[in-house]
Amino acid sequence: MHAPVSWLRELADVPADATGEDIAAALVRVGLEEEGLHGGDISGPLVVGRVLSVEPEPQKNGKTINWCTVDVGEHGQRLTEGKPQEIVCGAHNFGVGDLVVCVLPGGVLPGGFEISARKTYGHVSNGMICSQAELGLGDDHSGIIVLTELLGADAAADLKPGDDAIALLDLADEVVEVNVTPDRGYCFSLRGIAREYALSTGAAFHDPAEAPDLVVPQANDHGYAVHLTDDAPLGGRAGCDRYVARVVRGVDVTAASPAWMRKRLTQVGMRPISLAVDVTNYVMMLLGQPLHAFDLDTLSGSVGTRRARAGEKLTTLDDVERLLDPEDLLIVDGADTPLAIAGVMGGATSEVTGTTTNVLIEAAHFDPITVARSSRRHRLTTEASKRFERGVDHAVTAAAAQLAVDLLVGHGGGTADEGVTDVDLRVAAEPFDFDTTLPTRYIGLDYPRAEVLTTLRAIGCEVVEPAGDGAGDTHVAVLPPSWRPDLTDGPELVEEVARVRGYDQIPSVLPQPKAAGRGLTHGQRIRRVVATTLAHQGLVEVLSYPFVAPSLFDRLALPADDERRAAVRLVNPLSDEAPLMRTSVLDTLLDTLRRNVARGSRDVAVYEIGLVTRASSAPTSAPVPGIEARPDDATLAAILGAVPAQPRHAAYAAAGELERGGPWGPSRQAEAADAVAWALAVGRSVGLELVVSATDRAPWHPGRCAQLALADGTVVGHAGELHPKVTSALELPPRTVVGELDVDVLVAATGVPLDARALSTYPLAHTDVALVVDEQVAAGDVESALRAGAGESLESVVLFDVYRGEQVGEGRKSLAYRLTFRAADRTLTTDEVSALRDRAVAEAATRTGASQR
C-alpha cells in the first residue's frame, strides 16, 4: 500500500518536519513492514514552459523528432545566451502555445537521472520536455505533460513560463510504501495507515468517515430498490449483509477529474481513467471501502444479489467472458441479469460510458470467503477483491457512498436523489472474555493491566470491566472495532498488545533443551546415516510427490493379489490423474528418474527417503472433535486408529554409466550387483550384515533380484535390475537398476550398543575351496553355510569364480570361494586352517548338498 505523506497529513497530525523515513519507521514499530520510499528525489531547475515553435524533422530511421523552442522564463539559455530554450522532443501530443514541464541542465529526475545539454539528432538539446513517467507521476510514456489537460484550463490560466513545477505538481511529496499482512486488511486504505501512525506516535487521528463536512443521510423508503438473496450461504454466512445504493442524476461523466485526485491516485499506484471511476477508486483508497458505479439507465428497476446458476456466463469489464460457478455471488438487476461478480469485477453491460448521465453508486459488504473463492476461481485479483477478502469495515459503507455522491456532484454536476437505500442484515457482534494476564504469560514481559486496557482502547476496542471495584478479577469483556474482523479471541489481542508496545521490546531468547530428550532420536540418527551412506555411494537425493495413478501398478507388473495394489485413495486429490497414495517409494522415484533421462541426463543415480502408505481395515474417516477443549483419550485413539500405516522407506535407482571411461580404462554401466552393494553398504553403516538371497518379486527381473534380510530372516528390502517390460512401460533406459529398503526395520533392528572388537595383529591365512552344487542353489546360501561352519576365526568369504561345463555335469555349477581366517590370540597353523576349512565344507554339504571339487 502506497501512502503519500501529504495525504497522511490530512488524516493525522504529522509533524511538519517529519520525513517519509520518519513515518515509515513509526509504521514499522506497529508491525507494518516498510517496502520502500518514493518521490522527493527530484531537484530543479524544473519549470513551466510555453512552447514557442515546433519543427518536425523526419529521420533516416523513420522516426520524426521535433526541434522546439520553449519560453522557460528567466532560466537556462535566456540567462546565458538571451534566447529561448532549445530542446529536442520525440513526442507529438503538444503544439505551439501549450504549457509544458521542462527540466533544464543541472536538474535531477527520479532514479538519480541527471540532465545535461547533449547533442542528439543533429542538435544540442538543452534539457527535456517531460512526460508523466519521467516525473514519477505515472506510467504513461506516450506523450509529454500538457498542463492545461493535467490541471484543467482554469488552474493553468494563472501559470507563466518559469514557474517552479516542483511546487506546482507537488513533486517534493514523498510516498511511503508498506507491506500489508493478510490480517491487517484495514491498512489497505489511507484511513487505516493514518490510524496506525497515530497509534504508533500518539498523534491525533482525524477519521475521514466522520469528517464534519460529510453528512450521511438516514436510509428511507424512497431509495432505489434492492433485493438480497443467497441460495447457497457458506457456513450459514450471507454472501452480502449490507448494501447501500445511491443515485446521482444528470452527472457529466466526461468532466475531468480534479488534478489533486488524479495526482493522489497516481501516487498510490492507480491510473486515472474517468470521473466516475476515479471517484470510486479515490474513496476506496481513502476509506478502504470498494465501490462500483453502474449506468442506471441500463438496469431494470432494481439491483440485488444472488448466487450464479450452472452454465451462466458474464462478460466482465476486462472483456473476458467468464463461465460462472454456483458459488459465485452476483450482482443482478430487476430482470435477474448478471451485472457483476460481487466484490471482484463489474460486467460490461452496465459500465459507465461517455453517454451515461445517471449513475447508481453501490457500496456493499461482501463475505470475505465468497469473494476470495471467486477471485481465485476466475484468476481475477482486483483492488476490490484484495480488500473484501481481507475484511472491509462494514460500518463505513454508508459514509463511503455519501462521499462518492458528493464528489460526483461536486465535479460532474447533477443532483443526488433524496432516496437512500441501506439494506442492513448484519448480525451484531458479541464481546468475548479476555484475561488481561495473557500478554504477560504469552510474551514473557510484564504488561500491567492498565497498559493492556489502554492498548485495547487505543486500537478501537470497547472494553467493559467487571462491576464493582474488580479487585483481583483479571477478566474483561472486549468488543473489537468494526474494522478489525481478525480480532476474535485472546491470543490475537495479545499480539496487539505486544506490537503496540513494540516488537523490538521483546528479547531474543534461544530455547534451552531439557536434560531428557536432548539431541536426535535413534530413528532420526539412522535416517541420517542411511541418507549419508547413499550419498557417499554417488547417488543424488531427490524429493517426489507421493501421489500415483491407478494404472501405475499395471505398468509395474504387480501381481493381482500384491499388497502394494491396496492403496489409499484421496477424497480431494491435487490431480484427478493421481488420486492414490504411493505404496512404494519406487512408485514416484522412477518417474523422477524418467524425467531426468528425458531431459538429457543419460547417467543418473538418485535416491529418496520418504513415507509410503499402507491401506488397512481402519475406518475411512476419523471423528472431528470440537475446539473448545482437548479431545478425550478415546477420541484421540479413534483419530489415530483411522490413520493408515505409513512406514518410512529408502529407495534408489540408477541408469547409464556409473564410472566414466577415459585414459584410465573403459566405462562401466550400472548393474544389478551395484544395487545390491548399495543395500549392503547401508546395512553395514548401521551395524548390520544383511543376508542376500535370490528371489522373484515385481517389478524386478526374475533372475536379477536379490532379497536383503536380517540374520533372523526379517526382510529389509529388495534390490536388482528392473524387468525389461517394466522399463519399457515406464519409458526408462534398459537395464535400469533399483532397490528399496524398509528404514523402520533398520531402526528397530539397531539401537543396542555394540561391543567393539579388538583388532587382531596376527597374520591372515587364506585358503580356497571349490564346491559343486545344483544350478538352483543360490551362491548366498552356500556362503551362509560356509560362514556357519567355519566359526569365529573366519574373517571373510569371497566368491571369485563360477564354472559351468562338462567337468561338473549338466544342471550343476562350481562355486569357488576364498576363505580368510585370523585368530585373535595367535597365528593359525596350516593344520588349524585346514580343519576350519573342512568344517565349513561339511556344513555346506549338509545345508546345500555341496561337494568339494
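1. Two strands count as paired if DSSP finds at least two bridges between them. Strands (E, at least two residues) and helices (H or I, at least four) are DSSP runs, numbered from the N terminus. The model is predicted: local features need pLDDT of at least 70 and side-chain atom pairs pLDDT 80 or more, while totals for chains, interfaces and linings use all residues. Numbering starts from 1 along each chain as its sequence is written, and side-chain values use heavy atoms, without hydrogens or water.

2. Five-strand sheet. The strand order is β13-β16-β19-β20-β21. This sheet is open, and its pairing is mixed. β13 (225-228) and β21 (345-346) form the edges. Each has a single partner strand, so one side of each lacks a neighbour in the sheet.

3. Neighbours of β19. Strand β19 covers residues 329-333. Strand β16 (residues 302-307) pairs with β19 in the antiparallel sense, over 5 bridges. Within that pairing, Arg 306 has Leu 330 of β19 as its bridge partner. Strand β20 (residues 338-341) also runs antiparallel to β19, joined to it by 3 bridges. Here Val 332 stands opposite Pro 338 of β20. The β19 and β20 strands make a hairpin with 4 residues between them. In the turn, Asp 336 has a positive phi of about 65°.

4. Arg 377 and Asp 328 meet through their side chains in a salt bridge, 2.5 Å from N to O (rule: a side-chain nitrogen of Lys or Arg within 4 Å of a carboxyl oxygen of Asp or Glu). This pair links distant parts of the chain, 49 residues apart. Arg 377 belongs to helix α10 (residues 368-377). Asp 328 sits in the loop between β18 (321-323) and β19. Arg 377 is partly exposed, at 29%.

5. Other salt bridges. The rule gives 54 salt bridges. One of them joins the side chains of Arg 390 and Glu 389, at 3.6 Å from N to O. Arg 390 has a relative accessible area of 25%, so it counts as partly exposed. Another joins Glu 659 and Arg 668, whose closest N and O atoms are 3.5 Å apart. Both ends are partly exposed: Glu 659 at 42% relative accessibility, Arg 668 at 27%. There is also a network, in which shared partners tie together Arg 184, Glu 196, Arg 484, Asp 486, Glu 496 and Arg 499.

6. Negative surface patch. Which residues gather in the patch of negative charge? They are Asp 17, Glu 21, Asp 22, Glu 33, Glu 34 and Glu 35. Patch residues have over 30% relative accessible area and no salt bridge, with like charges joined within 9 Å. Charge positions are CG of Asp and CD of Glu. The largest share, 3 residues, comes from β2. Glu 34 lies in this strand. Glu 34 counts as partly exposed because its relative accessibility is 36%.

7. Four-strand sheet. A second sheet to look at is open, with the order β40-β41-β39-β42 and antiparallel pairing. At its edges stand β40 (794-803) and β42 (851-852). Each of these has a single partner strand, so one side of each has no neighbour in the sheet. Strand β41 (residues 812-821) pairs with β40 over 8 bridges, in the antiparallel sense. Leu 794 stands opposite Phe 821 in β41.

8. A loop methionine. Where does Met 270 lie? Met 270 is in the loop between α8 (259-267) and α9 (275-287). With 14% relative accessibility, Met 270 counts as buried. Met 270 and Asn 281 are 11 residues apart in sequence. In space their C-alpha atoms are 8.1 Å apart.

Terms used. Patch = residues over 30% accessible without salt bridge, like charges linked within 9 Å, V, L, I, M, F, W, Y side chains within 5 Å. Areas by Shrake-Rupley, 256 points an atom, 1.4 Å probe, with all protein chains shown as cover. Lys, Arg positive; Asp, Glu negative; His and termini not counted. Buried < 20%, exposed > 50% of the residue type's maximum accessible area, 1.4 Å probe, protein only.
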